Protein chains: 2
Amino acid sequence: MPEQSPLDLAEGDPFGPHNLPYGAFTTADEPGRRRLGVRIGDHVLDAGAAAHTLGSPYASLLAQPGLGPLLAAGRTAWRDVRRALTAWVTVPAHRQDIEPLLHPLDSVTLHLPYEVADYVDFYSSEHHATNVGHIFRPDGEPLTPNWKHLPIGYHGRSGTVVVSGTDVIRPAGQRKTPADPAPLFGPSVKLDIEAEVGFVVGTPTELGRPVPLNAFRDHVFGLHLLNDWSARDIQAWEYVPLGPFLGKSFATSVSAWVTPLEALDAARVAPPARDVDVLPYLDDSGDEEPGGLDLRISVAINGQIVSEPPFATMYWTAAQQLTHMTVNGASLRTGDLYGSGTVSGPEVHQRGSLLELTWNGRDPLELPYGKRTFLEDGDEVTMTAWAPGPDGVRVGLGEVTGRIVPAPATS
Amino acid sequence: MPEQSPLDLAEGDPFGPHNLPYGAFTTADEPGRRRLGVRIGDHVLDAGAAAHTLGSPYASLLAQPGLGPLLAAGRTAWRDVRRALTAWVTVPAHRQDIEPLLHPLDSVTLHLPYEVADYVDFYSSEHHATNVGHIFRPDGEPLTPNWKHLPIGYHGRSGTVVVSGTDVIRPAGQRKTPADPAPLFGPSVKLDIEAEVGFVVGTPTELGRPVPLNAFRDHVFGLHLLNDWSARDIQAWEYVPLGPFLGKSFATSVSAWVTPLEALDAARVAPPARDVDVLPYLDDSGDEEPGGLDLRISVAINGQIVSEPPFATMYWTAAQQLTHMTVNGASLRTGDLYGSGTVSGPEVHQRGSLLELTWNGRDPLELPYGKRTFLEDGDEVTMTAWAPGPDGVRVGLGEVTGRIVPAPATS
């Protein structure tokens, strides 16, 4: 019996040729040489080597240590490279050239695939914002007056965006509840997750040139799963009046794989009905392509699924976020990353943070290995997701995972 | 009569050999070749060429298109390079080698001297925060409860940090006053300045390794003057609950010259007395070197001085800001930049923003060319500063200037 080819995927493999996400990898025998890889099934194709072997006008873009140059090359290059890759992994005549360039996924190390330029985090799930409002401002309106007029966002720390699999060190900091006479210092006791989707900017812009809604796909290359780790106790004490800072800046994890938007065409859905009119620059009601994405996220703690947030319920779309982010003339750089904000659906089991799932610790989760309000040292959080693809096949999104390790002893 | 040497500076020149700030420049005949320069009087020394000519173990660090590699090289290199530069511009035997490597300041173009990694902005002037509190929350306590326990800060957009002299395009965006039934869209009508000092990180750190107060000078190389342009109307509508975003992200201007901390040893002063005890990690009361800096800033609009903010009045020091920024384990990268927050002194003419100087537009400034509440198109804002140097000589800080140009017509 002939050995099975890594290119003979099981029917419906969510990482089939309809997907082809990008990442950066090294192998055990050449740990210093980062390469651009493309996932196919449970293998990684060395994209630069493939382009060299099969000949491609984009060979130099692909023979790079990461995704940056391809991101910067623009939409035409993104489309052409994807077409070439699809041919390389599907046309039988290429099989003997491609097979030697495939590395088993479990044999490689994956890295952050590009240098993150600016990192912005939005707050665009109505269910999440409403839950948070109820928890922190029980006597007021849950949504602030601006919430349905603009996608609220803020800048985060790009230098602490880490790739899936990186341990997350429990942050220390100040916290103070109303019952404390003075702030306390120590490791966070309310370490939380935020299940998000992160969008990756490829094509840059100049200062003073806002990006209209219909240019979204000229600038955004693809997306990650993203876990915006949050220390709720640090955040609660620090965030008035200038927003979250140390409660977030210790780590933000992204999946090693960037899924190109082109793989998600079948997942496009209309966003929820908006009940407040928006200003013209944010009005997507006449757009040809619906702005929502039907991504089904799962969040597991130590292997146990605790939430299944539906991205299709997001009030503001990624295109609206990009347009808003640039409407003041702010420029984009290749490698800018922006998070959707925590994804929470209308149901209890669709909430994308422990803050919401446990109602700020009031209702612990009962898990097979014990109760959880917030994360304990050693807990491993893994987010996965899939989206509808062509012909009923699923598109898998690369997982984002991270394990909590104790805060270092302070001197 | 022999021609005077550019190295024969007038007595007390604030850019004498006691100063030696760094920048990046190009010349008209080689506009594509950026070089590291050091300012001496009104000339720029080509630092790489000098190191090559005179021989230096740091020649390769200096023969670079910018300051980044020197920033990354660490404190010993900073000290050694400064000693060498001082000798090159003062020892008569070097004069005939050095003079040909000096370019008149007005003949070169200055550039952003390094790539900004993360940009953080603090809020550390008690006078400024108190003024802002009175203006926006007239019925409440002006300072939020956390203000004297931690230096409040937030992340800004590093991709829109621009070098002095770059035009600033008036941002457009949403604004809404309580009198407006719905938000309006258009160019900001409350475009403002914030007079700040920006600190530049050289030596990076790893995740999970907070920087203690006494390691400040191992990590921070020097400082810029910084103008954190702010659209008050956009900011007021967007900033609850996650902080400033588009009201700031359109542009932040920095001086082309980075003044090394070593040039400011004589400007060290004790910070103001703190009336609230701080947690041990922020307690600088036992530090050998006082954490304040006696920088005298001037802000001019169209050549008319409108404010003289005294940096020595800042409640939180740059060392405390760095320690706080990393206490949660967040790592530093070479090129991280953090702003002090608007510098305002106790007197009316020491306020570092038009928001404060005009009390949110209530009290227009009467200037020779007309009244000003906020900035008009065509206005040019220039910040300069000096500090006490050795032997009574002043240390000049490079200016930061920018002119307001109209928002582009929107489609």
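A salt bridge here is a side-chain nitrogen of Lys or Arg within 4 Å of a carboxyl oxygen of Asp or Glu. The legends below describe a predicted model.

**Figure 1. The salt bridge between Glu194(B) and Lys248(B).** The closest N and O atoms of Glu194(B) and Lys248(B) are 2.9 Å apart. Glu194(B) sits in the loop between strand E12 (191-192) and strand E13 (195-201) of chain B, and Lys248(B) in the loop between helix H8 (232-238) and strand E16 (252-254) of chain B, so the pair ties together parts that are 54 residues apart in sequence. Glu194(B) counts as buried because its relative accessibility is 5%. Lys248(B) is also buried, at a relative accessible area of 8%.

**Figure 2. A salt-bridge network in chain A.** Asp192(A), Glu194(A), Asp228(A), Arg232(A) and Lys248(A) are joined into one network by salt bridges that share partners.

**Figure 3. The salt bridge between Arg79(A) and Asp80(A).** The closest N and O atoms of this pair are 3.1 Å apart. Arg79(A) is partly exposed, with 35% relative accessibility. Asp80(A) is partly exposed as well, with a relative accessible area of 23%.

**Figure 4. The salt bridge between Lys371(B) and Glu366(B).** Here the closest N and O atoms are 3.9 Å apart. Lys371(B) and Glu366(B) are both exposed. Over all chains, the count comes to 50 salt bridges.

**Figure 5. The contact between chain A and chain B.** Chain A contributes 57 residues to the contact and chain B contributes 56 residues. About 5,200 Å² is buried between the two chains, with 63% of this area from carbon and sulfur atoms. Two salt bridges are counted between chain A and chain B. A salt bridge connects the side chains of Arg157(A) and Asp336(B) at 3.0 Å, N to O. The residues on the side of chain A that touches chain B comprise 34 nonpolar, 16 polar and seven charged.

**Figure 6. Tyr338(B) in the largest nonpolar core.** This core has 148 residues, and those with the most contacts inside it are Phe199(A), Tyr338(A), Phe199(B) and Tyr338(B). Leaving aside neighbours within four places in sequence, Tyr338(B) is in contact with residues including Val120(B), Phe122(B), Phe199(B), Phe216(B), Leu322(B) and Met325(B). Gly198(B) and Gln321(B) are also among the contacts of Tyr338(B).

Definitions and conventions
Residues are numbered from 1 along each chain as its sequence is written. Chains are lettered from A and ligands numbered from 1 in the order in which they are written. This is a predicted model: local features need pLDDT of at least 70, side-chain atom pairs count only at pLDDT 80 or more; totals for chains, interfaces and linings use all residues. Side-chain values use heavy atoms; hydrogens and water are left out. Contact means heavy atoms within 4.5 Å. Buried area is the accessible area (1.4 Å probe) that two parts lose on being put together, summed over both. Ala, Val, Leu, Ile, Met, Phe, Trp, Tyr, Cys and Pro count as nonpolar, Asp, Glu, Lys and Arg as charged, and the others, Gly among them, as polar. A nonpolar core is a set of buried Ala, Val, Leu, Ile, Met, Phe, Trp, Tyr and Cys residues joined through side-chain atoms within 4.5 Å. Buried means under 20% relative accessible area, exposed over 50%, partly exposed in between (1.4 Å probe, protein chains only). Helices (H or I, at least four residues) and strands (E, at least two) are DSSP runs, numbered from the N terminus.
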